Amino acid sequence: MNMKTVYLDNNATTRVAPEVLEAMLPYFSELYGNPSSMHSFGGQVAQKIREAREQVAALIGASPEEIIFTSCGTESDNAAIRSALATQPEKRHIVTSRVEHPAIKSLCLNLAGQGYRFTELAVEKNGILDLEQLVKSLTPDTAVISLMWANNETGVIFPVEEAAEIARERGIPFHTDAVQAVGKLPIDMKKNAIDMLSLSGHKLHAPKGIGSLYVRKGTRFSPFLIGGHQERGRRGGTENTPSIVGLGKACELAGRHLAMENTTVRRLRDKLETALLSHIPKSRVNGDTEQRLPNTSNISFEFIEGEGILLMMNEYGICASSGSACTSGSLQPSHVLRAMGVPFTMAHGSIRFSLSVYNTEEEIDFVIQKLPAIIERLRGMSPYWTSVSQACETE
Amino acid sequence: MWEYTDKVREHFLNPRNVGEVEQPDGVAEVGSIACGDALKLSFKLDENKRIKEAKFKTFGCASAIASSSALTEMIKGMTLEEAAQVSNKDIAGYLGGLPDEKMHCSVMGKEALEKAIENYSGSPAKEPGERIICECFGVTDRDIERAIRDNNLSTVEDVTNYTKAGGGCGNCQEAIQDIIDRVRAEARPAGVPKLTNIQKIRKIEEALEKEIRPSLKHDGGDIELVDVIGNRVIVATRGACATCKASGITLKHFVEAKLRDLVSPDLNIEEVVP
């Protein structure tokens, strides 16, 4: 059976844009030189890396020398936090939030075992961060604040630019994991006080295995990967040239597509969300619907479990993800939904749809057509749904 | 994505016996929405006291639904005595196996069956002295003991996979380890005849051939017995296993567990260094 894939899991990863792949291919074959070499065969690759650096910088309003290429978003996050700690050895406190990606969350837990303390700021029911809390959490011992720009599960946006102002007033380095935000929101580093920003290639149609860390000029930096003089000594290791070229191209495309994210993609997301909520009783959106990425919708279908929904959607080629315990590989539902106080009946049945510029109206219509029956079928098997539906009938 | 067998997928996509039996002879509900899975099982007996009809309603993942469907198919036609003998292993076996992390789904089926039979016979649902060990998932010492005995579990992680106990806050993990130590100590009765070395090697070879190799070969791997020194079973991995990073886990969790189960609980597996 030749089933069409309807890919609505773009916060997990994205397809490599055809233009990106095309730009990369020569660097796997004939242009294999080492950019550090003294011959022009390598030198032409170095020139291309310079271009890619400019393309990445342009997307976020940075200067090219503020861009460090890394292997992924996780490496960028690790490099940023560890640099802030290494350059201020007398300070032992980290401030972050309860809903961070594991790249930050697990790193903080790990550092806690090495004598550091960390504060995880709580979020409100809609996933929004209260900045008063941030102010209260800061101490003279605080070495770094790290808050994600947009949440991967709910799409909820944190006021990181305001938070960075608070940090700057107190002389505390501010890092943001902007992996989900770059390419979806307009970002201009010239107009904010953020010191370090992580981004990841595969979330914006570049391949997996390439990321970048923005480090504001003048920010003290201590390298995470120590080795050669690459990246001006800030990240050792021979450059992953094809992927760097790919990331550059992807950033250029993202810049061009940015308006589309907020028109076409947003409209399709809203259409999907509105239709599902109206066709499916006992469903609701997790996270604030205003302060949110234009491509993400996290919907809970009460009294059923997310894995079943995903596998039944899979039968139609529809790809999404869930915050249920069964799909997370742990026994508890998503830490993000728990931090927001989403009730268990809702958290287990949460599905995240995340769109990209490559999604079409037909695909969205297809999901709207298929999903209500899937939910009804699973609810027909659920012992909790029976009692709820009976209670509704007698009302 | 979980690696479910075709049978699990088939039972999930086309579950048998969904619903509730009218005027049931036995009914039980186990699990809870907070735990992430729950099962309501009901059955009716015929004039010969055999299970005529069994139905389920399940809140949970694909393997929970498939386990419930399998259970209702398995027990139809059985007497209650026969049904009481169905173990969680049988349920998983009927489905061609479940991923380790999903074994608790089969355990939930077994628990529901047991409680539904108790509901029919009127015997007490809880044994006196039973005590909650895992507060997060409401798992008792008896649940844990039985999972260890029935499935020959040896680590806290195993117990979590099979019962969920210890998978929440983790505070009870020490208590679980104590139960494992206790049960495993009890499980070594003095009466078991000691095997001679030749008998032991033969039994190991037989277990490898019948129970272990077929599974490994399915994934393109193989295993060879190199030596047996006391209770040390020295093996070499071949094929896909030899290059697989997870082969250490397979050896410990699958091969060693099988050999302990089938040959002697004292065996320890070691991989020969290439």
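Visitor: Which residues does A:Met313 touch, leaving aside its neighbours within four places in sequence?

Guide: In this predicted model, A:Met313 is in contact with A:Ile318, A:Ala320, A:Ile351, A:Phe353, A:Leu371 and A:Ile374. We say "in contact" because heavy atoms lie within 4.5 Å.

Visitor: And what makes A:Met313 stand out in the largest nonpolar core?

Guide: That core has 86 residues, and A:Met313 is one of those with the most contacts inside it, along with A:Ile309, A:Phe353 and A:Leu371. There's also a second, separate core of 66 residues, which includes A:Ile67, A:Phe69, A:Leu121 and A:Ile172. As background, nonpolar side chains tend to be buried together in soluble globular proteins.

Visitor: Why is A:Ser97 called buried?

Guide: Buried means under 20% relative accessible area. A:Ser97 has 1% relative accessibility, so it counts as buried. You'll find it in strand S3 of chain A, residues 93-97. Leaving aside its neighbours within four places in sequence, its contacts are A:Glu120, A:Leu121, A:Ser146, A:Leu147 and A:Phe158.

Visitor: How do you know that the side chains of A:Ser97 and A:Glu100 make a polar contact?

Guide: Check the distance: the cut-off for a pair of N or O atoms is 3.5 Å, and here the value is 2.9 Å. That's within the limit, so the pair counts. The side chain of A:Ser97 also has a polar atom 3.2 Å from the backbone nitrogen of A:Val99.

Visitor: What makes A:Glu307 and B:Lys102 a salt bridge?

Guide: The test asks for a side-chain nitrogen of Lys or Arg within 4 Å of a carboxyl oxygen of Asp or Glu. For A:Glu307 and B:Lys102, the closest N and O atoms are 2.7 Å apart, so the pair passes. The count between chain A and chain B is two salt bridges.

Visitor: Which helix gives the most to the side of chain A that touches chain B?

Guide: That's H8(A), with five residues. By class, this side of chain A has 11 nonpolar, nine polar and four charged residues.

Visitor: How much area do the two chains bury between them?

Guide: About 2,300 Å², with 67% of it on carbon and sulfur atoms. In chain A, the residues losing the most area to chain B are A:Leu331, A:Met381 and A:Tyr384, together 30% of what that side buries. The contact takes 24 residues from chain A and 34 residues from chain B.

Methods
Residues are numbered from 1 along each chain as its sequence is written. Chains are lettered from A and ligands numbered from 1 in the order in which they are written. This is a predicted model: local features need pLDDT of at least 70, side-chain atom pairs count only at pLDDT 80 or more; totals for chains, interfaces and linings use all residues. Side-chain values use heavy atoms; hydrogens and water are left out. A nonpolar core is a set of buried Ala, Val, Leu, Ile, Met, Phe, Trp, Tyr and Cys residues joined through side-chain atoms within 4.5 Å. Buried means under 20% relative accessible area, exposed over 50%, partly exposed in between (1.4 Å probe, protein chains only). Buried area is the accessible area (1.4 Å probe) that two parts lose on being put together, summed over both. Helices (H or I, at least four residues) and strands (E, at least two) are DSSP runs, numbered from the N terminus. Ala, Val, Leu, Ile, Met, Phe, Trp, Tyr, Cys and Pro count as nonpolar, Asp, Glu, Lys and Arg as charged, and the others, Gly among them, as polar. A polar contact is a pair of N or O atoms within 3.5 Å; within protein, one must be able to donate a hydrogen and the other to accept it, and residues adjacent in sequence count only if both atoms are side-chain atoms.
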